[in-house]
Amino acid sequence: MDVRVGVRVEGAVQGVGFRPFVHGLATGLGLSGVVGNDAGGVFIEIEGAPDAVGRFLDGLRTRPPRLAVVERVTTRDLDARGRDGFAIVGSDTSGERRALVSWDSATCDDCLRELTDPADRRYRYPFVNCTNCGPRFTIVKDVPYDRPSTTMAGFPMCGQCAAEYEDPADRRFHAQPVCCPSCGPSLTLRPHAGDPLTAARDMLAGGAVVAVKGLGGYHLAARAAAEDAVAALRSRKHREDKPFAVMVPDLAAARTLCVLSDAEEALLTGPRRPIVLARRRPDAALADAVAPGNRHLGLMLPYTPLHHLLVTNPVVLTSGNVSDEPIAHRDGDALERLAGIADAFLLHDRPIHTRTDDSVVRVFRGRTLPVRRSRGYTPEPVPIAKGRPVLACGAESKNTFCLTRDGRAFVSQHIGDLENYETLRAFEEGIEHFQRLFDITPEVIAYDPHPEYLSTKYALDRELPSIAVQHHHAHIASCLADNGVADPVIGVAFDGTGYGTDGTLWGGEFLIADLRGFERAAHLEPVPMPGGAAAIREPWRMAAAYGVPEDLRVARRPDWPKVAALAERRVNAPLTSSMGRLFDAVAAVLGIRDRINYEGQAAIELEQRADPSESAAYPAALNGTAPFTIAGADLLDAVVADLRAGAPVPVIAARFHNGVAALIVNAASRIREETGLAVVALSGGVFQNMLLLERAVSGLTDAGFDVLTHHRVPPNDGGISLGQAAVATARS
C-alpha cells in the first residue's frame, strides 16, 4: 500500500537547485507529489511505495546539490491521495521566514565548458550560470528565493532560457538567474566603442587602470607585471604600501607566483574562491609595487565568467574605492567616485543589491583561518546557542554586525572601518537588509563599551535592552563560538587596543572566560601611549614610551624629547597593555617601520623580516599576583641588547616572536596551576601573525594544553560581532 508523507527541509536549500534535485530524485524512484519553496525552506509532499519513500528521504539527507546545506529534515504522515506525477509548484510567500540564502558561488565546470565552446549559444557570454553556480546573496532582495525577488527581475527570459528553466532534465531547471545573450545582462566599456572585453584586455595590457564591475562591487584592475600601472593605481587610490591582491587565470599561473599547499590549492579552486594569502616565490614575475617587502601574496582565481574572459595574465584586482571608503557597487556612485582612479569602466547592467568585498583567508595547519569573511561565505550562519534574537553591532575597525535567531548567528559581510558617513550608512543598510531577509526582530542589542565607537552610539540609540560586552571578552567568546565551546577557558586576547573595564586601553590580555563572563588573569604591564592615536600612526612613539636608550637611531629625531616627556608625565598619554603596541615599538627600534600607512603595518613588516629558522627566545618576567603582569619591557631590553651587539635584524625579530610565544606558554601554565583550566583560546588581530601563531600553538600543545583557534570568523575585529552575540545570548 502506498504512503504519503509531508516533508520540510530547512537550511541553505533555496537558489541551489534543490527543487530540481527533489524532482529528479522523486521521478527516478517512481514517486508522485509536489515540491516548492516557502519562507521556511522547501516543502515536499511525496507519495508511493514505502521503500521508495524511504530511499527518497535518505537521498535528501545524503546526496543534496553541491551548494545545498541541509540542516534539518522533518516528516509527517498524510493520507494517501493517489496523485499521478511529480511537479514543482509555485512558492508560498506567507509565514515566518526561516529560509537561508546561499552565498555567491564560483562558475562551475559545466558553465565554463559552455563559455569556451564556440558552438554553444552562451559562448563568451560573461553571465553564464546555472543551479550549481553564480550570484546569490549579492542579487537577492527577499525570500523565498525566486527571480522576482532578485536583481534579475528586470530581465525577462527569452524562449530558449524559459524552455531550459521548465525542463526537468536541464541543469538550469528552475535556476533563478538563468539568462543568455538574447535576454540577460550585457557589458559596456566606457569610454570605448567596439567589443568591451577585447578593448578592456587591450587597455590592461597597455598599462591602463580599469574599473571592473564584479559580483559584489567594483574592482580596480591593472596588469600585475607592469610597474608603472601598479604604481599609478597606488598613487590614485592613495594606498601607499598595503599589498594588493592578484587574480591569475588558473592554478598553473598561481603556482608560478606562490608555493602552494594542497589546502591552499583547494581554497583557490573551490566554489567560494577567496583571496588566499600564500608564500610568494622569490622569482615571481610581478611588479615590486604589488606587495612591497612582503614574503606573502594574496592570490585568487576567477570566480565569475567575466573574470574568466578578462583575466588572461595576472592582474592586480583591488576593491573599487579610495582608501578607507566602502567598495563602490552602484553604477552612478562608481562612475563618480572612481573617475580619478580608473582610465576606463567595464560595466554591466545587472544591479548589485548588497555590496560584498572579496574574502581573505590563510591556511593554518590545514584549516582555513579567515582574515576577512565576506563574499563566498556570507550569509552562511554560524551555529550558536538558542536564545532571544540578538543584534550585535561589532567593533569600530573591520566592522561586521551579527543577528541571531533559533540557534543561528548571521555574521554580516565585511563592512569596513566605521569612520565616515558612507561606511556607517552601509552598516545601517546592512542591518535593515538582514533583518528583512531573515525575518529577525532583535530583542537584545550587544555593543562594545567604547563610548566613541559609532557602532556603540548606534546601539544606544536603538530602544532595545542592551548588553555591553568588553572588547577582549568578545574576542575570546568569538573563538569559543567559532569552535562550538561554552566551557571556561584561558583566553589570550592580543590586539591593538580595546576599551578596558578600568578605563585604560587593553590589548595584551589573559582572561579566565566563558560565554557569560570573564576575569582578568594577567596582562602586559601598561605603558603610556604618547599622543594617544598618534602613537598608533607613529610606532616610534611607543619606543619612546618604553624608554629605550636615547642613543639609538630611533631616538634621533627632533620631537623625541617632547614625546618622551609626554610619556613620563602621562600627559595626553593613555595607559595601554597592548601587545600590538609592543610589536610597534620593536619594529621602530629595529628600523623596520616608524610611521605606518595602514593598520598593523609595523607588526606585519616585523613578521616578514623575522628568520623562521631562529629558535632562541627572549625572556619576559611574570610579576605579582592575580592579575599578574608580564614585563613586555624585558623583551624590548633584549632587543636593544642584541641590536647593540650587532645581531642581524631577522634574528632579533625572530627571537622577539619566540619570546612572545614563550610568555604565552608561561602565563597560561601559571594560570593552569591556579585554576586547573587546560584549554587555551587564541584571539585578536595579533594572531593573524602566522609565525607567532605557529610558535604559540606548538608551545602550548607541547605543554599539554588543548588550543582553540579561529576557522569560521576572523581572529581580528571582524569576529567581534559573533563574540558579542554569543555573550548576549548566554546572558539573556
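**Labels and their cut-offs**

Q: Why is Pro526 called partly exposed?
A: Pro526 has 39% relative accessibility. Buried means under 20% relative accessible area, exposed over 50%, and partly exposed in between (1.4 Å probe, protein chains only). So Pro526 counts as partly exposed.

This is a predicted model: local features need pLDDT of at least 70, side-chain atom pairs count only at pLDDT 80 or more, and totals for chains, interfaces and linings use all residues. Residues are numbered from 1 along each chain as its sequence is written, and side-chain values use heavy atoms, with hydrogens and water left out.

Q: What is the place of Pro526?
A: Pro526 sits in the loop between β25 (518-524) and β26 (527-528). Strands are DSSP runs of E, at least two residues, numbered from the N terminus.

Q: Which residues does Pro526 touch, not counting those up to four places away in sequence?
A: Leu575, Thr576 and Ser577. Contact means heavy atoms within 4.5 Å. Pro526 and Ser577 are 51 residues apart in sequence, yet their C-alpha atoms are 4.3 Å apart.

Q: How many helices and strands does the chain have?
A: There are 22 helices (DSSP runs of H or I, at least four residues) and 31 strands.

Q: Why is the chain called as compact as a globular protein of that length?
A: Its radius of gyration, taken over C-alpha atoms, is 27 Å. The globule rule is 2.2 Å times the number of residues to the power 0.38. For 732 residues the rule gives 27 Å, close to the chain's value, so the label holds.

Q: What share of the chain is buried?
A: Buried residues make up 61% of the 732.
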